[in-house]
Amino acid sequence: MCTRRMDNHTTVSTFLLWGFSSFPDLQDLLFVMVFFSHVTILAANVSIMVAVKLNHSLHIPMYFFLCGLSFSETCTTVVIIPRMLVDLLSDSKSISILECATQMFFFFGLSGNNCFIMAAMSYDRYTAIHNPLRYSILMTPKICFQLMMAAWLVGFLVSVCIVTIVFNLSFCDSNTIQHFFCDISPVVHLACDYTLSYEIAIFVLSAFVLVGSFILIMISYVFIGSIVMKMPSAKGRYKAFSTCSSHLTVVCIHYGFAGFVYLRPKNSDSFREDMLMAVTYTVLTPLLNPIVYSLRNKEMQIALRMTVNSANRFILQMVNRRTLDI
C-alpha cells in the first residue's frame with residue numbers, strides 16, 4: 001500500500017478492491033459465470049446495434065434510441081466487468097486513486113446517460129401515440145440526435161460533479177473498498193472528512209439523475225395511459241400498450257435495482273447487500289435488456305434473425321474461400 005503521513009493520519013494513495021475476497025472458494029465459479037455473462041452481454045448488444053444499422057425498416061427513432069442504449073450499456077459493462085474478472089483471478093487487487101476516479105467517472109456518466117436515454121425513449125413513445133400523423137415531423141433525426149447528445153452531456157456533467165466531490169475528500173488510515181469496483185458509498189466511507197454536507201450533495205446529484213429521469217418517464221406514461229384508455233377499439237389499445245411494454249419492463253428492472261442501491265440510507269453494514277445488488281445491475285440488467293427487447297418485439301426478432309443468417313453466410317464464405325486457397 002502506498003501511503004504518506006499527514007498530521008496524525010496516514011493518507012492513502014492506493015485502494016484495495018476487496019470485492020469477493022470474503023468468498024475465496026467461490027471466486028473460480030464467479031469468474032466463469034461473470035465471464036460468460038459478459039460475453040453474452042457484448043454479443044447481444046452488438047447484435048442489436050448491427051441489426052438496427054443493417055435493417056432500413058428499423059431506421060426510426062425508437063430503434064435509434066435502443067441502439068444508443070445498447071451502446072451505452074455495453075460501455076458501462078466494459079468499465080466494470082473486465083477489471084472484476086482480473087481481480088477474481090489476481091492476488092493483488094490494488095487500484096490507484098486516479099484509476100478509481102476514472103472508473104467512477106465513466107461508470108456514473110454512462111449510468112446517468114442510460115437513465116436519460118430511457119427518458120427520451122418514453123417521450124418518443126408518447127409522441128408516436130399522441131401525434132402519429134405528425135410523428136415524423138416532431139421526431140426528426142436531428143431532434144433524436146439532440147436528445148441523445150443531451151443525455152450524454154447531462155450524464156457526464158453530473159458524474160464530473162460527483163467525482164469532484166468524492167476525490168476532494170481526504171482518504172486516511174483504511175484503504176480497503178468493500179466492493180468490486182469504485183462505487184460511491186464504499187469509497188466515501190473511507191474518507192476522514194466525509195460530513196453531512198458532502199452526503200447531501202452526493203444524494204441530491206444521484207436523485208437528480210435517478211428521480212429526475214424517472215419523473216420524466218412517468219409523466220410520459222401518464223399521458224400515454226390517458227390517451228390509450230380513450231381509444232375506442234381494444235385492438236388499438238393492445239397495439240399501443242405492446243409498443244411500450246418492452247421499455248416499461250426495462251425501466252422497472254433498471255430503476256428498481258438502482259434506486260435500492262443509491263437512494264436508501266447507507267452504513268458500513270449495507271455494503272455487502274449493495275455489492276450483491278451491484279452484481280445485478282452491472283451484469284444481470286445489461287443481459288436482460290436485449291433479451292426483453294428481442295423477445296417482446298417481432299420487428300427486432302426478424303432483424304436479429306436476418307443479421308445472424310447474414311453472419312453465418314459470411315463465415316461460411318470465408319471458410320470456403322480458405323479451403324479453396326489451401
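**Entry 1: the kind of model**

I noted at the start that this is a predicted model.

**Entry 2: helix α2**

I checked the length of helix α2, which covers residues 61-89. At 1.5 Å a residue, its 29 residues should span 42 Å, and I found the end C-alpha atoms 42 Å apart, which agrees. Then I asked where in α2 a kink lies. I found it at V78, with a bend of about 30 degrees, shortly before the proline P82.

**Entry 3: strand β3 and its partners**

Next I looked up which strands pair with β3, residues 14-17. Strand β4 (residues 94-96) pairs with β3 in the antiparallel sense, over 3 bridges. In that pairing I found F15 opposite I95. Strand β5 (residues 176-177) runs parallel to β3, and 2 bridges join them. Here L16 stands opposite T176.

**Entry 4: the disulfide**

How many disulfides are there? I count 1. It joins C100 to C182, with an S to S distance of 2.0 Å. C100 sits in helix α3, while C182 is in the loop between β5 and α6 (184-188), so I wrote this down as a link between distant parts of the chain, 82 residues apart. I also looked up the handedness: the torsion about the S-S bond is about -125 degrees, so the disulfide is left-handed.

**Entry 5: the largest pocket**

I moved on to the open spaces. The largest pocket has a volume of about 730 Å³. It is lined by 25 residues, and those closest to its centre are M62, K239, S242, T243 and E299. Which helix gives the largest share of this lining? I found that α8 does, with 9 residues. At least two residues each come from α2, α3 (97-130), α8 (234-262), α9 (271-295) and α10 (298-325). By class, I have 11 nonpolar, 8 polar and 6 charged residues in the lining of the largest pocket.

**Entry 6: the largest cavity**

The largest cavity has a volume of about 340 Å³. Of its 24 lining residues, S111, G112, H254, A258 and Y262 are the closest to the centre. Two or more lining residues come from each of α2, α3, α5 (141-166), α7 (196-229), α8 and α9. Helix α3 gives the most to this lining, 6 residues. What does the lining of the largest cavity look like by class? I noted 12 nonpolar, 11 polar and 1 charged.

**Entry 7: the second largest cavity**

My last stop was the second largest cavity, which holds about 70 Å³ of space. I listed its lining as L17, W18, G19, F20, S21, Q27, M84, D87, L88, K93 and F180. The largest share, 3 residues, comes from α2. The classes here are 6 nonpolar, 3 polar and 2 charged.

**Entry 8: looking back**

Definitions and conventions:
Residues are numbered from 1 along each chain as its sequence is written. This is a predicted model: local features need pLDDT of at least 70, side-chain atom pairs count only at pLDDT 80 or more; totals for chains, interfaces and linings use all residues. Side-chain values use heavy atoms; hydrogens and water are left out. Helices (H or I, at least four residues) and strands (E, at least two) are DSSP runs, numbered from the N terminus. The expected span of a helix is 1.5 Å times one less than its number of residues. The bend at a residue is the angle between axes fitted to the seven residues ending there and the seven starting there. Two strands pair if DSSP finds at least two bridges between them. On a 1 Å grid over the protein atoms alone, a cavity is a set of points where a 1.4 Å probe fits but cannot get out, and a pocket is an open set with protein on both sides within 12 Å along at least five of seven lines; lining residues have an atom within 4 Å of a point. Grid points are joined across faces, edges and corners, and a volume is the space filled by probe spheres set on the points. Ala, Val, Leu, Ile, Met, Phe, Trp, Tyr, Cys and Pro count as nonpolar, Asp, Glu, Lys and Arg as charged, and the others, Gly among them, as polar. A disulfide is a pair of cysteine sulfur atoms within 2.5 Å.
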